[in-house]
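Here is my note on the model, written as numbered points. Please keep the structure open while you read.

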Amino acid sequence: MTDPRDFDDNSDFDDDEFETHPYDSLTPDTVLNAVESLGYQTDARILPLNSYENRVYQVGIEDETPIIAKFYRPQRWSIEQILEEHQFAQELVDVEVPVVPATANSDGKTLHEWQGFQFAVYERKGGHAPELDNLDHLLVIGRLMGRMHALSKTKEFSHRPALDIESFGEQSRTFLLENQFLPKELETAYDTLTRDLIAQIRTAFSNFPAKSIRLHGDCHPGNILWRDDSAHFVDLDDARSGPAVQDLWMLISGDRNQQTLQMSEILEGYQQFCDFDFTELNLIEPLRTLRIMHYSAWLARRWTDPAFPHNFPWFNSQRYWAEHILELREQLSAMQEPALTLF
């Protein structure tokens with residue numbers, strides 16, 4: 001089963017959006033024509049990349065390095081929200097934080113339109129996922145994240161949403177229950193359990209209020225590429241406001257001792273460039289719980305997109321929902337445990 005840390009996160013929901021398949025008209029010719037409308041001469045080679053929320057392709061360019069073309073899911077983000085993502089990436093590049101920004105054309109535009117699709121192009125940057133059991137890798141990533149957040153704190157988003165209990169928790173449970181995704185015999189268990197979870201999450205956020213800053217928003221290992229003893233961030237599509245620890249907790253795994261060691265290494269690097277409020281460690285399990293809840297709702301909301309039944313065939317089965325409820329019960333217990341105590 002896919003790790004919920006590794007999904008393309010969902011933002012504001014429009015239920016009417018899911019009555020049709022927004023990518024039905026995004027044919028290979030459409031992709032090539034869109035890219036060529038920017039002045040590129042393609043060689044007609046297209047390689048779909050691993051993305052479900054948007055559609056992302058490597059497009060071959062005559063006698064040059066291929067580029068990456070990203071077609072935003074229609075109606076998901078407003079133009080202002082997309083441009084704010086692009087601006088955030090460029091701000092990071094300007095202070096030499098290694099991210100991959102959208103490429104501007106000669107007029108300085110980074111967002112383009114073709115046959116109803118908003119799209120952007122990017123330089124292709126290679127690399128592989130970091131080794132999260134390698135403490136040296138975690139130290140380097142911690143430094144980069146500290147540099148990112150130091151810049152993040154200098155201003156606020158005007159258009160991007162916040163990571164909050166309402167959108168990630170309440171709306172997720174409501175959508176699943178109202179649209180009868182759960183088997184009938186599991187609805188009551190899910191309803192009761194998620195009410196208890198959200199109540200506990202609210203208590204945690206009330207007891208440990210955190211400053212909201214601009215975040216990468218989806219900083220799982222797949223969105224960090226390692227190359228030549230360093231790393232760079234990709235895919236700021238889910239950039240939003242929230243507590244700093246949201247960009248850190250998805251980089252730790254294993255038992256409590258392993259997570260303690262990993263987070264200690266990350267924060268050693270992080271604090272070389274940015275202060276960290278250690279009370280935010282109390283929010284790791286509440287944030288993990290929100291992401292797990294949100295992940296199931298994301299799959300459900302996208303189930304009419306043909307890519308989802310194909311790539312997530314295990315979803316929406318009796319076994320999936322039984323295991324999901326068990327995972328949420330484990331999270332209820334995890335949230336009652338003390339926060340990590342670092343070295």
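**Notes on helices, rings and a pocket**

1. Y295 is buried, and W298 is buried too. Keep in mind that this model is predicted. Both residues belong to helix α7. They sit three residues apart there, about one turn of the helix.

2. How many of its residues are buried? The count is 18 of 18, and α7 is mostly covered.

3. Next come the aromatic rings. The structure holds 21 aromatic pairs. Take Y57 and F71. Their ring centres are 6.1 Å apart and their planes stand at 75°, so this pair is edge-to-face. Edge-to-face requires planes over 60 degrees apart. The pair links distant parts of the chain. Y57 is in strand β2 (residues 55-61), F71 is in strand β3, and 14 residues separate them. Both Y57 and F71 are buried.

4. Compare the pair formed by Y295 and W298. Is it stacked or edge-to-face? It is stacked, with 6.0 Å from centre to centre and 25° between the planes. Y295 and W298 also belong to a cluster linked by ring pairs. Other members of that cluster include Y52, F175, F181, W303 and F308. F312, W314, F315, Y320 and W321 are in the cluster as well.

5. Turn to helix α2. Its 16 residues (residues 79-94) should span 22 Å at 1.5 Å a residue, and its end C-alpha atoms are 22 Å apart, which agrees. Which of its residues are buried? They are Q81, I82, E84, E85, H86, F88, A89, E91 and L92. What covers them includes two strands, β3 (64-71) and β5 (117-123). Helix α3 (135-152) and strand β6 (213-215) are also part of that cover.

6. Most residues other than glycine have a negative phi. E96, which follows α2, has a positive phi, near 65°. V97 is in the loop between α2 and β4 (112-114). With a relative accessible area of 2%, V97 is buried. Leaving out residues up to four places away in sequence, V97 touches L92, L144, R147 and M148. V97 and M148 are 51 residues apart along the chain, yet their C-alpha atoms are separated by 6.5 Å.

7. D238 lies in the loop between β8 (230-233) and β9 (240-242). D238 and C219 are 19 residues apart in sequence. In space they are 9.2 Å apart, C-alpha to C-alpha.

8. Two further residues have a positive phi. Q180 has a phi near 55°, a positive value in a residue other than glycine. Q180 is in the loop between α4 (165-178) and α5. Is Q180 buried or exposed? Q180 is exposed, with a relative accessible area of 60%. N316 has a positive phi as well, near 70°, and is not a glycine. N316 is in the loop between α8 (307-311) and α9 (318-334). With a relative accessible area of 31%, N316 is partly exposed.

9. E187 is in helix α5. At 17% relative accessibility, E187 counts as buried. Leaving out residues up to four places away in sequence, E187 touches L177, Q180 and L182.

10. Last, find the second largest pocket. About 400 Å³ of space lies in it. There are 20 lining residues, and those closest to the pocket centre are E285, A334, M335, E337 and P338. Which elements give two or more residues to the lining? They are α5 (184-207), α6 (256-270) and α7 (284-301). The largest share, four residues, comes from α5. By type, the lining divides into 10 nonpolar, six polar and four charged residues.

Conventions:
Residues numbered from 1 in each chain as written. Predicted model: local features only at pLDDT ≥ 70, side-chain atom pairs only at ≥ 80, totals over all residues. Heavy atoms only, no water. 1 Å grid on protein atoms, 1.4 Å probe; cavity = no way out; pocket = protein on both sides within 12 Å on 5 of 7 lines; lining within 4 Å. Points joined across faces, edges and corners; volume = space filled by probe spheres on them. Nonpolar A, V, L, I, M, F, W, Y, C, P; charged D, E, K, R; others polar. Expected span 1.5 Å × (residues − 1). Buried < 20%, exposed > 50% of the residue type's maximum accessible area, 1.4 Å probe, protein only. Contact = heavy atoms within 4.5 Å. Phe/Tyr/Trp six-rings, centres within 6.5 Å; stacked < 30°, edge-to-face > 60°.
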